[in-house]
Amino acid sequence: MQTSATPTHCPYCALQCGMNLTPEQSGGVAVVERPDFPVNRGALCGKGRTAPELLSSRLRLTSPLVRKAGVLAPATWDEALDRIAEGLTRTRTEHGPDACGVFGGGGLTNEKAYALGKFARVVLGTSQIDYNGRFCMSSAAAGGIKAFGLDRGLPFPLEDIPRTGCVILVGSNLAETMPPALRYLTELKENGGTLIVIDPRRTRTAEQADLHLAPRPGTDLALALGMLHLIVAEDRTDEAYIQERTSGWEETRAAAMAHWPEYVERITGVPVPQLREAVRLFCEPANAMVLTARGPEQQSKGTDTVGAWINLCLATGRSGQPLSGYGCLTGQGNGQGGREHGQKADQLPGYRKLTDPAARRHVADVWGVDPDSLPGPGRSAYELLDALGSDIRSLLLMGSNPVVSAPRAAHIEERIRSLDFLAVADVVLSETAALADVVLPVTQWAEETGTTTNLEGRVLLRRRAISPPSGVRSDLDVLHELADRLGVEKGFPTDPEEVFDELRRASAGGPADYSGITYRRLAEENGVFWPCPATEGAAEDPEDASLDVLPDDPAGEPVDGVHPGTPRLFLDRFATEDGRARFVPVSHRPAAEEPDDEYPVLLTTGRVVAQYQSGAQTRRVAELNAAAPGPFVEMHPRLADRLGAADGDAVAVVSRRGRAVAPARITTSIRPDTVFMPFHWPGEGRANTLTNPALDPTSRMPEFKTCAVRLEAVR
């Protein structure tokens, strides 16, 4: 038995908190603080602290399952893998390669996400691959690429947040979604900075704010435009910065000036004096940041909304300046790395575009295939799921639970049930896995080595600390065995470091360049920020970290020709052709579905501290389940009075897509025109039964954050 502690990282959110795992006499592991890791400095939330519980064989899958006579029954690995190969082969033969779909997850390691994208395009020859991260960060990614030419959630490390003058936090409840990160906001205030929180609910995070703005759900775009209008009207723009470092200002300025404060107040419900105070708090310090999360992003206009907040940073000279700028708080454990290396519908490794001939040649050369053999872009996540059972007849799914997490979930469940063949690789028998023809039990975080990339763009090394139960294999093993059965005998190694070395070569020269990162460096340096090219000439690169650090921060000095990584982006130039950031003119437009007489109330959704995403894992941990045992409908007392509902009464929430029932939770911390439901549970309390799949035209993000509903008392 191993006796020393293994340094590794939490399996849950994008902080990827550091922890040590120590062996126990029982054969399991215990979590011990790891104060040397800078992101969390030893602090952990309840999910991280209890993460080893799911390693128990009692709570997870330990044998492949194959459906026989309508029932999932234990099977051998060979039987299960043969069945998957037969199902995929039959579909390709009868309907063509694009009838095979692949759906990944933001919790997969970089190695798994890379191998999954390669498997889809090289082995299956299908364009139909996407992942659940489309539902999380895609609007922020699209907005960042439009403005900066590059998407990395945070262009600066978390340690910069307490040192700025003001933070506007838009649609994030860090106190519940990333509790260890709340300390950065506490330290900001201790250092004399101010915190503005924008959220329709007075959350635990909003309670920490110097100023809380509670806009109507779906109106964050108008709010940002109203603030930009006031910045212009009050002569608070940085004209020298705009002239030297940006383009497109005149069109953006004109669009903002059409959103005068009183008009914005009518749209958002935020009083004009609060708008003016927010502008003052943001503009007066020398440095300031805007951080967005799912609130403004999970909208059918999420890309424009993110763009409006970026415009605010550009107009005031914040982005690309020390201790300042725009950032996205990525949500899933590998939500950043998962969107960089090929499991997205339109992407190749290194954040390359699938439509770029040069990118296709480079990656095809690494893979040893003809560039013309690579399929083009496919459907986005919701569109892929919506096509199941019609255009897409078979699906291989890894690390996702769309029966609970997808919008219009009852419809998606029907589409999944209509498939000719479904194979799922997962740790537990999720609600989606329960519908499969074959289920494969796979290793999880403490049982395997691999890399993730946290919300800062810091690439990290998770280390194996314990052996998996017998009968459990890794996702890399699964892809290797399936590729072999489908006629591709080479190119899918099972050793994660070998896969990572290939990923490095495939990413070399791309926007997300990992070529200078090695497992050894990750272990020795507590992670490395990308881009990190392997070339010795990297010091001359305009994105070089020797330029992109604060004057008093020596961390970016090259050593012996080795690129140190890039903690801070854009200080010298942006990643656009001319090096300038681009203003993108945007205008307010309504949500895809506004309240009316039949559905007069707004629904917004989100998370609670003790559960995570679809809850497939956290709902199996007794301590977490005791803290958050089920769904609820949060509503204002005035709304409850009109309904005749008391706290704890069953309430039905009805949208055009379905009906959910959960107990009422009555509080003055939410707007009277809005109800809130967490989305972690299946069954009659499934919040995503109600949500609207209306898509952002650029990011293809569904509108999870607002839809029209009515409430009914359940007698």
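Predicted model: local features only at pLDDT ≥ 70, side-chain atom pairs only at ≥ 80, totals over all residues.
Local features need pLDDT of at least 70 and side-chain atom pairs pLDDT 80 or more, while totals for chains, interfaces and linings use all residues. Residues are numbered from 1 along each chain as its sequence is written, and side-chain values use heavy atoms, without hydrogens and water.

**Exercise 1.** Find which residues of helix 9 are buried, and what covers them.

Solution. 
- Helices are DSSP runs of H or I, at least four residues; strands are runs of E, at least two; both are numbered from the N terminus.
- Buried means under 20% relative accessible area, exposed over 50%, partly exposed in between (1.4 Å probe, protein chains only).
- In helix 9 (residues 249-257), W249, T252, A255 and A256 are buried.
- Seen down the helix axis, these buried residues fall within an arc of 130° (directions from the axis to the C-beta atoms), so they line one face.
- E250 and A254, on the other side, are exposed.
- The cover over the buried residues includes helix 7 (220-233) and helix 13 (302-315).

**Exercise 2.** Which atom of Y612 does the side chain of T618 reach?

Solution. 
- The side chain of T618 reaches the backbone nitrogen of Y612 at 3.2 Å.

How values were computed: Contact = heavy atoms within 4.5 Å. Polar contact = N/O pair within 3.5 Å; in protein donor to acceptor, adjacent residues only side chain to side chain.
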